[in-house]
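Let's take a friendly walk through a protein model, looking at its pockets and at its charged pairs. Keep the picture at hand as you read.

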Amino acid sequence: MDADSASDRPLIQQMVVIHRVFRREFGLLPALIRGVAADDVERAKVVADHATHLLRFVHVHHSGEDEFLWPVLLERVEVEADLIRRMEDQHRHVAALLPRAQEQLPGWAAQPSPERGEELAATFEDIASVLGGHLGEEEEQILPLVETHLSVDEWARLGQHATGSMSPPDLMATLAAILEEADDDERAMFTAVLPPPVLTMFIEQAEPAYRKQMRQLRVGV
């Protein structure tokens with residue numbers, strides 16, 4: 001595919017980079033939770049705030065797919081209807097686990113006992129396990145269909161949904177998380193749409209703040 005034709009297709013690598021965040025962060029969370037000492041409320045709050053942000057991020061990401069991705073593919077790729085419905089079922093499985101984590105987080109953050117910590121860590125292990133299988137199948141089976149059957153504008157609706165669902169600080173933190181392990185081409189995919197003043201603010205303020213926060217969060221992990 002030449003450069004001109006590639007520019008007319010959705011940039012599906014964007015999804016792969018976002019999935020990288022979910023694998024990394026949900027994979028780290030159980031150890032972060034178990035590493036909080038009993039009654040270390042200050043540290044528990046830091047970890048709980050990070051976990052809460054991740055739960056919002058995965059909810060926004062999946063709700064965007066539910067609204068703007070699956071219906072379009074079901075209309076256009078009848079032969080793959082069973083696959084797409086399986087993706088929807090996997091979303092429902094993840095969605096059923098998120099409230100459990102949301103319910104457990106406040107009690108653990110207020111009183112991070114080993115028992116509460118183990119219960120919460122196990123919930124995030126369940127989320128990571130379900131997400132791991134779902135993300136892999138989505139990358140292997142769904143993204144090639146997206147590249148073939150969705151327009152660039154249709155693909156862009158997922159990003160617009162995320163932008164409209166998060167506060168500006170959450171958006172900046174999420175972008176920094178997405179770009180943490182991005183190569184130069186991947187970074188360009190996400191930053192090209194930012195107005196110059198926003199990009200400058202992100203590079204000079206939001207991204208360094210995120211990196212500092214992650215160094216403090218991941219101590220000992």
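## Buried or exposed?

Here a residue is called buried when its relative accessible area is under 20%, exposed when that value is over 50%, and partly exposed in between. Keep in mind that this is a predicted model.

Try the cut-off on one residue: Glu137 has a relative accessible area of 19%, so Glu137 is buried. For contrast, Arg86 comes out at 37% relative accessibility and therefore counts as partly exposed.

## Pairs of opposite charge

Side chains of opposite charge can pair when their charged atoms come close.

Glu25 and Arg218 make another salt bridge, and here the closest N and O atoms are 2.5 Å apart. Because Glu25 belongs to helix H2 and Arg218 to the segment after H10, the pair links parts that are 193 residues apart in sequence. How buried are the two partners, Glu25 and Arg218? Glu25 has 1% relative accessibility and counts as buried, and Arg218, at 18%, counts as buried too.

Asp89 forms a salt bridge with Arg92, and the closest N and O atoms are 2.3 Å apart. These two residues are 3 residues apart in helix H5, so about one helical turn separates them. Asp89 is partly exposed, with a relative accessible area of 43%.

Salt bridges can also share partners: Arg24, Glu25, Glu180, Glu181 and Arg218 are joined into one network in this way.

## A closer look at Thr123

Thr123 is part of helix H6. With a relative accessible area of 2%, Thr123 is buried.

Which residues does Thr123 touch, not counting those up to four places away in sequence? They are Leu97, Arg100, Ala101 and Gln104. Although Thr123 and Arg100 are 23 residues apart along the chain, their C-alpha atoms are separated by 7.3 Å.

## The largest pocket

The largest pocket holds about 950 Å³ of space. It is lined by 37 residues, and those closest to its centre are Gly159, Gln160, Thr163, Phe190 and Val193. Two or more lining residues come from each of helix H2 (13-34), helix H3 (41-68), helix H7 (152-165), helix H8 (168-179), helix H9 (184-191) and helix H10 (196-217).

Which helix gives the most to this lining? The answer is H7, with 9 residues. Sorted by kind, the lining of the largest pocket has 27 nonpolar residues, 9 polar and 1 charged.

## The second largest pocket

The second largest pocket has a volume of about 220 Å³. Of its 16 lining residues, His50, His53, Ala173, Gln213 and Met214 are closest to the centre. Two or more residues of this lining come from each of H2, H3, H8 and H10.

Here H3 gives the most, with 6 residues. The lining of the second largest pocket divides into 9 nonpolar, 4 polar and 3 charged residues.

How values were computed:
Residues are numbered from 1 along each chain as its sequence is written. This is a predicted model: local features need pLDDT of at least 70, side-chain atom pairs count only at pLDDT 80 or more; totals for chains, interfaces and linings use all residues. Side-chain values use heavy atoms; hydrogens and water are left out. On a 1 Å grid over the protein atoms alone, a cavity is a set of points where a 1.4 Å probe fits but cannot get out, and a pocket is an open set with protein on both sides within 12 Å along at least five of seven lines; lining residues have an atom within 4 Å of a point. Grid points are joined across faces, edges and corners, and a volume is the space filled by probe spheres set on the points. Helices (H or I, at least four residues) and strands (E, at least two) are DSSP runs, numbered from the N terminus. Ala, Val, Leu, Ile, Met, Phe, Trp, Tyr, Cys and Pro count as nonpolar, Asp, Glu, Lys and Arg as charged, and the others, Gly among them, as polar. A salt bridge is a side-chain nitrogen of Lys or Arg within 4 Å of a carboxyl oxygen of Asp or Glu. Buried means under 20% relative accessible area, exposed over 50%, partly exposed in between (1.4 Å probe, protein chains only). Contact means heavy atoms within 4.5 Å.
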